[in-house]
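Let's take a quick tour of some ring-bearing side chains. Keep the 3D view open while you read.

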Amino acid sequence: NLTSHYNGYYYGGISLDEGIDRIERAHVDDYSKILPMFKLADEKTAKANYPSFDKAIQKTSLVISRHSMLIKGVEYCRWIDENFMVLGKAHFYKRDYFAALETFEYVARQYKTKPSRFEAILWLMKTYNAMNSVMNTPSLIALIENDKEFPKKFQTDFETLQAEYFIKTENYKDAVKHLTKAITLTKKKKHRVRKVFILAQIYELEGNQKKASQLYAQASKMHPTYDMLFNAKIKRAMTVQTSNETDTKMVKKELNKMLKDDKNIEFRDQIYYALAEISLKEVDEKTAIYYLKKSALASAQNTHQRALSYLKLA
């Protein structure tokens, strides 16, 4: 038990966490789309972190092969299921999804009296969602919903994964319901602010500009990363209700303040575009045209924004 705990689960977990941390720091969000619920690696980033995940796989596999005491269907070494979970997660972050599925399915099937069973089912959901193989997710949701022994400590993850599933299937009504629950249950601020931002994006996509604007404002006050803070302010400006003159004046003031900040030099095209959107809502086409031209001229590297500006101008 001691060896299985530390040589496998603990030190394998450290290697796993190191790889995950590098993946999350390397992740770049595309704010023109609904953000992914989790910061996962593309093929290139995953390969760059193979050494950390391979180390986790090596340590846990060795412990499982040497110290598992599976006798007549009963495992007498209490850390083996935890080692299997680290093993499965390492395969998941390597994007070796079929190996991850095989591992999580084994844990869910073999350890029916341990909490790791439920964690494995949640990771099966996460893996299927990452693979965009969402046809398998509803049965897993039903499996958890019908089990009275489901631990409360996993409720946040369950709500989050359901929200992710409904976003992927474009069932935004149910996505809002589960994401709202997940936000109230999420303790870590960096995870909560991401969910608030995603919820705002869904409301914006569904045409509820008022609610979206409120949530973008909420996200900007939660001390997010600078890129999310910037985009929350821009998105709030583009969803602001011009019928509320106080809010509109405040947003315009904020945008003009952002134009003067040297940190935003490369983002001025987006700021001008947001100002143009407000002008269009105010039916001030002359000012909107002025800002759209400024936006197009300011787009040195961001060809996507330049195209948007010229399209709107046309």
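Is Tyr10 buried, partly exposed or exposed? With a relative accessible area of 39%, Tyr10 is partly exposed, because that value falls between the 20% limit for buried and the 50% limit for exposed. Bear in mind that you're looking at a predicted model.

**The surface patch**
- Tyr11 belongs to helix H1, which covers residues 2-26.
- Tyr11 has 42% relative accessibility, so Tyr11 counts as partly exposed.
- Tyr6 also counts as partly exposed, at 35% relative accessibility.

**Rings that pair up**
- Searching the whole structure turns up 20 aromatic pairs.
- One of them joins Tyr6 and Tyr10 edge-to-face, with 5.7 Å from centre to centre and 65° between the planes.
- Why are Tyr6 and Tyr10 separated by about one helical turn? It's because they are four residues apart in helix H1.
- Elsewhere, ring pairs tie Phe53, Phe92, Tyr93, Tyr97, Phe104 and Trp123 into a cluster.

**Charges over rings**
- Look for Lys94: its charged end sits over the ring of Tyr50, 4.6 Å from the ring's centre.
- Arg117 has its charged end over the ring of Phe118, 4.9 Å from the centre of that ring.

How values were computed. Residues are numbered from 1 along each chain as its sequence is written. This is a predicted model: local features need pLDDT of at least 70, side-chain atom pairs count only at pLDDT 80 or more; totals for chains, interfaces and linings use all residues. Side-chain values use heavy atoms; hydrogens and water are left out. Helices (H or I, at least four residues) and strands (E, at least two) are DSSP runs, numbered from the N terminus. Buried means under 20% relative accessible area, exposed over 50%, partly exposed in between (1.4 Å probe, protein chains only). Rings of Phe, Tyr and Trp (its six-membered ring) pair if their centres lie within 6.5 Å; planes under 30 degrees apart count as stacked, over 60 as edge-to-face and the rest as tilted. A charge sits over a ring if NZ of Lys or CZ of Arg is within 6 Å of the ring centre and within 35 degrees of the ring normal.
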